[in-house]
Amino acid sequence: PPASQNNEQGSTLRDLLTTTAGKLRLGSTDAGIAFAPVYSTGTASGKSGRTMPNILDDIIASVVENKIPPNRAPKINVKSEIKDEPKDDKKCIQDDCSKRYSDIQYSWICDKHVLWLRDHKNSNNWKLFKECWKQGRPVLVSGMHKKMNFSLWKAESISLDFGNQQADILNCKDSIISNTNVKEFWDGFEDVSKRQKVKNGETALLKLKDWPSGEDFKAMMPARYEDLLKSLPLPEYCSPEGKLNLASHLPGFFVRPDLGPRLCSAYGVAATKDHDIGTTNLHIEVSDVVNILVYVGIAKGNGVLSKSGVLKKLEEEDLDDLLRKRLKDSSELPGALWHIYAGKDADKIREFLQKIAKEQGLEVLPEHDPIRDQSWYVNKKLRQRLFEEYGVKTCTVIQFLGDAIILPAGALHQV
């Protein structure tokens with residue numbers, strides 16, 4: 001876009017930075033900001049012009065311009081709640097928060113790695129959420145389906161309204177993608193006899209991936225889009241208009257990630273012989289993501305595990321005591337099994353998967369990234385080896401109907 005348009009779009013952010021630039025002097029206590037806007041000039045297509053600000057360059061330039069010695073930190077007065085927080089954030093999260101947030105119903109699961117907000121209606125949830133989010137921890141919010149129009153999300157309802165649409169359907173076992181009518185997928189969602197068969201006669205494990213997504217979702221399913229938006233957990237953060245949703249408020253010259261929403265639908269593994277496969281392989285999202293389980297289908301037909309069989313399979317997982325208790329609650333309906341890893345463990349996991357690939361005689365190219373390529377579902381045996389050999393522990397979460405799982409960008413996960 002023309003330079004004038006860029007100036008207009010970024011005027012608010014630029015003005016804020018420019019007005020504080022003069023205050024950035026050694027010992028200043030009222031700047032309220034750590035850097036001033038610095039632009040570089042460059043040549044592109046033979047024309048000179050100003051480029052967009054680079055945050056890292058700005059910080060470096062600020063340090064150089066203000067001659068801040070390397071052993072001295074600038075006195076910046078950032079007015080926030082941070083000064084009131086105890087130095088040991090972990091201790092605060094686990095102990096002191098019980099006093100500070102006594103009006104919020106919550107628990108810690110997965111060895112205190114995941115915050116579980118049990119009352120989706122509590123307007124103060126976001127205060128505790130912020131404490132947890134600072135540390136890059138996943139958050140679980142239950143009961144979201146109670147705010148939704150459940151009839152909109154039934155399999156037969158979606159099939160009836162959109163069965164004639166064409167979409168890519170992925171066979172999760174062999175990664176073969178076919179383009180077909182959406183109705184074929186939904187017809188077999190709860191009736192195993194109507195599911196596709198693979199060459200050896202096994203039932204295919206299909207996934208309708210990201211259909212529809214983004215603007216298509218809003219245009220194709222306006223009623224469902226509105227129902228989803230009004231039911232989002234922690235609207236201060238998750239809603240497009242939320243005051244803490246920075247991505248939605250970025251100036252136009254930023255390239256935003258795909259903020260969705262997108263519908264992800266898949267068959268369960270209950271009707272397959274191999275239960276060591278997933279419908280979503282291990283991967284990383286480039287932005288924070290909230291995943292709400294809006295519907296759980298109960299598959300019927302030959303070879304399907306009974307409800308007690310499914311529960312038994314889930315109980316074999318390395319589960320938190322609170323999750324085991326939820327499994328025994330007849331009012332709860334489990335639908336998805338998640339394995340989550342902290343972003344800091346990505347390199348160890350990448351090295352581990354390359355090691356396993358070599359053990360299996362697979363070719364490992366230097367540029368190959370098993371996480372980026374989403375080529376692995378880490379089964380129970382491999383998860384145990386990952387812990388024993390690399391010290392990386394798996395965070396196992398069962399997602400029940402109505403649960404929203406909120407993951408920070410960079411967190412690895414499979415479903």
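**Gln399 and its surroundings**

I looked up the side chain of Gln399 and found that it makes a polar contact with the side chain of Trp338 at 2.8 Å, where a polar contact is a pair of N or O atoms within 3.5 Å; within protein, one must be able to donate a hydrogen and the other to accept it, and residues adjacent in sequence count only if both atoms are side-chain atoms. I note that this is a predicted model, in which local features need pLDDT of at least 70 and side-chain atom pairs count only at pLDDT 80 or more, while totals for chains, interfaces and linings use all residues. Residues are numbered from 1 along each chain as its sequence is written, and side-chain values use heavy atoms, with hydrogens and water left out.

I placed Gln399 in strand β13, residues 395-400; helices (H or I, at least four residues) and strands (E, at least two) are DSSP runs, numbered from the N terminus. Gln399 has 1% relative accessibility and therefore counts as buried (under 20% relative accessible area, with exposed over 50% and partly exposed in between, for a 1.4 Å probe and protein chains only). Leaving aside neighbours within four places in sequence, I listed the residues in contact with Gln399, among them Asn291, Pro334, Trp338 and Ile405, contact meaning heavy atoms within 4.5 Å.

**Trp126**

I then turned to Trp126, which lies in helix α5 and, at 16% relative accessibility, counts as buried. Lys243 lies over the face of Trp126, at 4.5 Å from the ring centre; a charge sits over a ring if NZ of Lys or CZ of Arg is within 6 Å of the ring centre and within 35 degrees of the ring normal. Beyond its neighbours within four places in sequence, Trp126 is in contact with Leu234, Glu236, Lys243 and Leu244. I also noted that the C-alpha atoms of Trp126 and Pro235 are separated by 8.5 Å, although these residues are 109 apart along the chain.

**Aromatic pairs**

I found that the structure holds 15 aromatic pairs, which are rings of Phe, Tyr and Trp (its six-membered ring) with centres within 6.5 Å, counted as stacked with planes under 30 degrees apart, edge-to-face over 60 and tilted for the rest. Phe129 counts as buried at 2% relative accessibility, and Tyr237 counts as buried at 17%.

Ring pairs also link Phe150, Phe185, Trp186, Phe189, Tyr267 and Tyr295 into a cluster.
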